[in-house]
Amino acid sequence: MPEVQEAPVSSQDTGAKAGRFFVRFTRAQRTMHAFLFSTFLGLAATGLPLRFSQSIWARRLASEVGGFGAILFFHKLCAIVLTGAFAIHVKDIFTRGIMNREKGIFWGATSMVANWKDVKDLFAHFRWFLGLGPKPKFERYAYWEKFDYWAVFWGMMVIGFSGYAMWFAPFFAHFLPGWALNAALVIHSEEGLLAILFIFSIHFVNTHLRPGSFPMDMVIFTGVESEQEFKHKRPLEFARMLDEGRLEARVGERPENWQLNFSRVIGFTAIAIGLILLVLTLTAYFG
């Protein structure tokens, strides 16, 4: 397999230098991510005031939008949209992996399913953090990206089910004991809070604020990345595509300036909202 030389690169280099660009995410994948992060922000912005309804900022927000009833309405609306997007994604995975038997969905270098290499990469990364070994080389998806991906499934099962159980309590009361509905309230509240803290701290840092991506990784918005960035972040995938003769098929178009500027506005707005909500959460939780 051809050896790939790594060089430091920042996501800000995307579009700043001449060269080829490669497609990482399709338009459908980027659209799905847009629904995911926008509805999650909506759920966080409406769920936190309900969770910390005694806080001054929560009461002020409620008074501006028409009360906590209005906040609950928008919370449920975001939940419906997110559930629909999740169902579409699951159907797509089922169709591609089960019906069409597409390779790489459930196993292999292009799969989001964790494998033994991810375990080795995790420990190798910790050794690299401590200066005890070289930095591991990653394939199409790194171990933390797979963790983020499956966290959505966990959230939909735990947070989603508990939320719908409270929403349609008379229906679920036909086959669930009363204590289970009380537990659903606690689970929904605490797991939702955990998800918010994780996304607004760990995920933001891993994806956008870490060296090599700071201040923002543009690929989820533009869908393409520069060749230099591709080689640096995922050298094993680049080498595999080159060895298989499929690299040229991934060549995409250079993003236009308006695309980059629009992506920055959307991305920075989402990050700003997330960090504000994180501060408000910590203030309310420890206050």
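The axes of helix 1 (residues 27-51) and helix 11 (residues 257-286) come within 11 Å of each other and cross at roughly 20°. Axes are lines fitted to C-alpha atoms, for helices over the stretch in contact, with angles from 0 to 180 degrees between N-to-C directions. The model is predicted: local features need pLDDT of at least 70 and side-chain atom pairs pLDDT 80 or more, while totals for chains, interfaces and linings use all residues. Residues are numbered from 1 along each chain as its sequence is written, and side-chain values use heavy atoms, without hydrogens and water.

**Helix 1 with helix 11**
- Helix 1 and helix 11 are therefore roughly parallel (an angle under 35 degrees).
- The contact (heavy atoms within 4.5 Å) includes Phe-37 and Ala-45 of helix 1 and Ile-266, Gly-274 and Tyr-285 of helix 11.

**Helix 1 with helix 7**
- Helix 1 packs against helix 7 (residues 178-209) at about 130°, with the axes 11 Å apart.
- Among the residues in contact are Phe-40 and Leu-41 of helix 1 and Ser-189, Glu-190 and Phe-200 of helix 7.

**Confidence**
- The protein chain averages a pLDDT (the predictor's confidence in each residue, from 0 to 100) of 89, and 93% of the residues score at least 70.
- Over residues 1-17, pLDDT stays under 50.
- Where pLDDT is low, the predicted coordinates should not be read in detail.

How values were computed. Helix = DSSP H or I, 4+ residues; strand = E, 2+ residues; numbered from the N terminus. Parallel < 35°, antiparallel > 145°, perpendicular 65-115°, else oblique.
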